[in-house]
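Good morning, and thank you for coming.

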Amino acid sequence: MATIQWFPGHMAKARREVTEQLKKVDVVFELVDARIPYSSRNPMIDEVIQQKPRVVIFNKKDMANDQEMAKWFAYFKEKGALPVAVDAKHGKGLKGVEVAAIEVTKEKFEREKAKGLKPRAIRAMIVGIPNVGKSTLINKLANRSIAQTGNKPGVTKQQQWIKVGESLQLLDTPGILWPKFEDQQVGIKLSLTGAIKDSIVHLDEVAIYALTFLIKHDYDNLIRHYKIDVPQDAENLKWFDAIGRKRGLLQRGNEVDYEAVIELIINDIRNAKIGSYCFDLYDAMQDEHNDDA
Ligand code: G4P
């Protein structure tokens, strides 16, 4: 997993570089993690992108919950962006990206045509926080390996246009912006989906958050997955003990190795081994998400 330390200087530079690159494109592809379509956004993204036509690409749809995604789709549509869902890793839904780009730039190109300008390819760039799958998507859209999976804030200097389908040209380097730091809940979700470095948040809190979420929303699957029998209202420690003992995650003296259990739970969720979830629950977040999007 690539990691970046963000400092105010880096953030300002990243923002400046992305703003500069945006001048070259007709449409922005804002990439988010479909499991946390709100929490995986850069906190200043609307200021950075401004009125530029925007397609919000929900990546990693293979690991997300369809019903929640649908609610977030409606949210983004209402904000004037066009949402599409893809699974960049397995190359699913890619055609929808080009179709959406055509749709959101239609008016602009009609205006250009009316002015007598020659038809040309739509120019686009991908923007998003680290680890949402920007490089994977670029490589898949390009049908070859171009973007490095590894991160540098902002965008690098020598850039090229990649031809995508019939009507699209994509910048080969994505704009990398920082995640939301302030909200601890968001930090936990970013960790749970593998977007931020482990050391930034306490992994025990991440595992407890995950467990609480699963007990509430997917209890049957949870006990089936770990082959344990723990009542839904049992306290956290009982869950950790049951999972640890079932999996033989023990220390000397036959004690449960809690660190190992924490790691197991987090990895199982990161890799969608138990189920497909959205941790940004639209209904529950209704009140919050008008503040800072
Ligand atoms: P970035 O450029 O935005 O920083 O992200 P990058 O493409 O490096 O992708 C980050 C991780 O997310 C990679 O996993 C990548 O394989 C995975 N990924 C990207 N898109 C999808 C998707 O649609 N579905 C799923 N399930 N995973 C996706 P990794 O663990 O860092 O590498 P690897 O183990 O896949 O090689």
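A patch joins residues with over 30% relative accessible area and no salt bridge, like charges being joined within 9 Å and nonpolar side chains (Val, Leu, Ile, Met, Phe, Trp, Tyr) within 5 Å. A salt bridge is a side-chain nitrogen of Lys or Arg within 4 Å of a carboxyl oxygen of Asp or Glu. Lysine 246 belongs to helix α9, residues 236–247; helices are DSSP runs of H or I with at least four residues, strands are runs of E with at least two, and both are numbered from the N terminus.

The model is predicted: local features need pLDDT of at least 70 and side-chain atom pairs pLDDT 80 or more, whereas totals for chains, interfaces and linings use all residues. Residues are numbered from 1 along each chain as its sequence is written, and side-chain values use heavy atoms, without hydrogens and water.

Which residues form the patch of negative charge? They are Asp204, Glu205, Glu259 and Glu263. Helices α7 (203–217) and α10 (258–270) each give two or more residues to this negative patch. Aspartate 204, in helix α7, is partly exposed, with a relative accessible area of 39%; buried means under 20%, exposed over 50%, and partly exposed in between, with a 1.4 Å probe and protein chains only.

Finally, the whole chain: it has 11 helices and seven strands, and 51% of its 293 residues count as buried. Its C-alpha atoms fill a box of roughly 80 × 40 × 35 Å along the principal axes.

Conventions. Accessible areas come from the Shrake-Rupley method with a 1.4 Å probe; for residues, only the protein chains shown count as cover. Lys and Arg count as positive and Asp and Glu as negative; His and the chain ends are not counted. The place of a charge is taken as NZ of Lys, CZ of Arg, CG of Asp or CD of Glu.
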